[in-house]
Amino acid sequence: MGLMDLANPTRFMAVSQRILPWMWGLAVAFLAAGLYMSFFLAPQDYQQGNTVRIMFIHVPAAWLAMMGYSIIALSSIGTLVWRHPLADVSARAAAPIGAAFTFIALVTGSLWGKPMWGAWWVWDARLTSVLVLFLMYLGLIALWRAFDDPARGARIVAVLALVGAINLPIIKFSVEWWNTLHQPASVFRMGGPTIHPALLWPLMVMAFGATLLFLAIHLAAMRNEVLRRRVRAMQITAARGVATAGAEDGEPELA
Amino acid sequence: MSALSALFARELKLAVRIGGGALMAVVFFLIVVTLMPFAVGPDLNLLARVGPAILWVGALLANLLALDRLFQADQEDGSLDLMVMAPVPLELIVTVKALAYWVTTGLPLAIAAPLFGMMLNMPSEALGAVCLTLAAGTPGLTFIGIIGAALTVALRRGGLLLAILVIPLMVPVLIFGILATSAAVVVTSPFIQPFLILVALSLGAMVLGPIAAAAALRFGLE
């Protein structure tokens, strides 16, 4: 069975129903193992102490924040080029999840920054560009909610998502330029590009588990969105049925 | 070509005659500039230092003011449908509308900025720089803004949403506009580098903006 067969909504519902429990199980297993490793097996950092453990949540969340927008951008191409309803369902389902992971990345980064930098928020290049990413997620969600007919809004929001995808690297580049010119001394640098294996393994397990969690929530949200649209279609059909019944009573122009 | 020049003339007339949209943006700009000393205090040295930031943020906000009516007014009286169906490519029509919007909004802001900069005690070399950077940067703001205007054309209350959608996209233009302007105040940082990037951002927006806005308009009117 090819990937294109999955694009059929009915088949998607059948296949996703079978896959989903396995994904939940795997995500829980990996996250449990990752959390155990990061809280009990990983050593303390000689400089950061126990706060280094925030990284095991923070870094996967930041990665998934970017993956979420990539899913939206790819789905938007699917919406604009093939006009496929499932592509819009995928983009729409990914937006709140991506925004949530962006929010987690911002909050955990802030919690980590208080003991490290002595401030809850620092106008560091990375923090600022993630904040702009969060704002763009919120804009996408707000635009989706503004359309009362989901099919009509689909391609309009896809245009915005793609414009945002083109702009994100430019924003990141300019924010970094802005920061290095203004306050080069406070730019946070990791202690070199290498990270000790004792810290790397828990991070990798956590990242894999969090990615599985993201995909499982995404799949579940897509199923909900498909069902929501079916309910909507049925409601419209039912409302039409009432209108037609009324028309038989002598008001044909209502039908 | 004559259709496009007729459209340009129509847009200018509409902006000048109905409600004075062009002047309103400048008045709003002046109000923002007036508010700032109330907020940060009348210290002239401080005002001179944050002057470029005040002028740029004020111009950015003033540039957003009339954007939500750019396509909505045309949609309400039906002329937008004619533009979409016209033999002239919709991308060109959008470009002409955006240029006319810039001439009536962005350009007056850039011309007024040195006067407002003087009120903020900015040095005379910075006044020329702020005029130049605003003239180079406001086309970028306008062409990013028309994407939002096209996205929200079908919505009943698009004004606030429009600002939420496009302001994050305007961050790069703001950064390089202010960098170039403050380079004229502080001798140590270079002027030409951020200025060229600002021009590049405006030119890039002139390409991306009409394509995205035309696509959004087509999808929105179906």
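The legends below describe close-up views of a predicted model. Residues are numbered from 1 along each chain as its sequence is written, and chains are lettered from A in the order in which they are written. Local features need pLDDT of at least 70, side-chain atom pairs count only at pLDDT 80 or more, and totals for chains, interfaces and linings use all residues.

**View 1. Helix α4 of chain A.** Helix α4(A) covers residues 85–117; helices are DSSP runs (H or I, at least four residues) numbered from the N terminus. Its 33 residues reach 46 Å from the first C-alpha to the last, close to the expected 48 Å (1.5 Å times one less than the number of residues). A kink of about 25° lies at A95(A), shortly before the proline P96(A); the bend is the angle between axes fitted to the seven residues ending there and the seven starting there. Just after the helix, G118(A) has a positive phi of about 80°.

**View 2. Surroundings of V159(A).** V159(A) touches L151(B), A212(B), A215(B), A216(B) and F219(B), leaving aside residues up to four places away in sequence (contact: C-beta atoms, placed from the backbone, within 7 Å).

**View 3. The side of chain B that touches chain A.** The contact takes 20 residues from each of chain B and chain A. On the chain B side, the elements giving two or more residues are α7, α8 (159–166), α9 (171–185) and α10 (192–221). Of these, α10(B) gives the most, with six residues. This side divides into 18 nonpolar, two polar and no charged residues (nonpolar: Ala, Val, Leu, Ile, Met, Phe, Trp, Tyr, Cys and Pro; charged: Asp, Glu, Lys and Arg; polar: the others, Gly among them).

Terms used. Contact = placed C-beta atoms within 7 Å.
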